[in-house]
Amino acid sequence: MTRSVTYADFAKLARRRGWTAAWLAEHFKGRIEQPREFFERVLKAGSGSEDRGATLIPYRSVLELYRKEMGPGAANSGARSCDCGCGKPIYGRKRLASGACRKRMERRRSRNPESGSEKHKKDGAFSVTF
Ligand SMILES: [Zn+2]
């Protein structure tokens, strides 16, 4: 990943996540210089003043956070990644990305079964006699 991240890019993500300058400053305390001032400048870039919007974020740790949030698995806004661990994004109320994922989960579940109830069902079926 070589794409640069601008102040405006970061400000957009921050707004979507509800990050404030104060929260970010706390998060990056000790890792970047004057974090509070820095993030206040960055977050302002997204809201009108275009001059700073194209400034690139210079801090590796900040870029890492940005890429983690924007990268695969957290791709589109609100998307989570599939429960089976394949990393595909999922939307809405679903928990698995595809039928293959469901099968994968079922197989995983049958390997360490919570089979008490299933056994019970079978026993019951046997006991139904004429
Ligand atoms: Zn999956």
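**Note on the core and its surroundings**

1. The largest nonpolar core has 10 residues in all: Val5, Tyr7, Phe10, Ala11, Ala14, Leu24, Phe38, Phe39, Val42 and Ala45. Such a core is a set of buried Ala, Val, Leu, Ile, Met, Phe, Trp, Tyr and Cys residues joined through C-beta atoms within 7 Å. H1 and H3 are the elements that give two or more residues to this core; helices are DSSP runs of H or I with at least four residues, numbered from the N terminus.

2. This is a predicted model, in which local features need pLDDT of at least 70 and side-chain atom pairs count only at pLDDT 80 or more, while totals for chains, interfaces and linings use all residues. Residues are numbered from 1 along each chain as its sequence is written.

3. In H3, Pro35, Phe38, Phe39, Val42 and Ala45 are buried. A residue is buried if 20 or more other C-beta atoms, placed from the backbone, lie within 10 Å of its own, exposed if 12 or fewer, and partly exposed in between.

4. Gln34 belongs to the loop between helix H2 (21-27) and helix H3 (35-45). Gln34 is exposed because it has 10 C-beta neighbours inside 10 Å. Its phi is near 40°, a positive value in a residue other than glycine.

5. Ala22, in helix H2, is exposed, with 12 other C-beta atoms within 10 Å. Ala22 and Glu37 are 15 residues apart in sequence and 9.5 Å apart in space, C-alpha to C-alpha.
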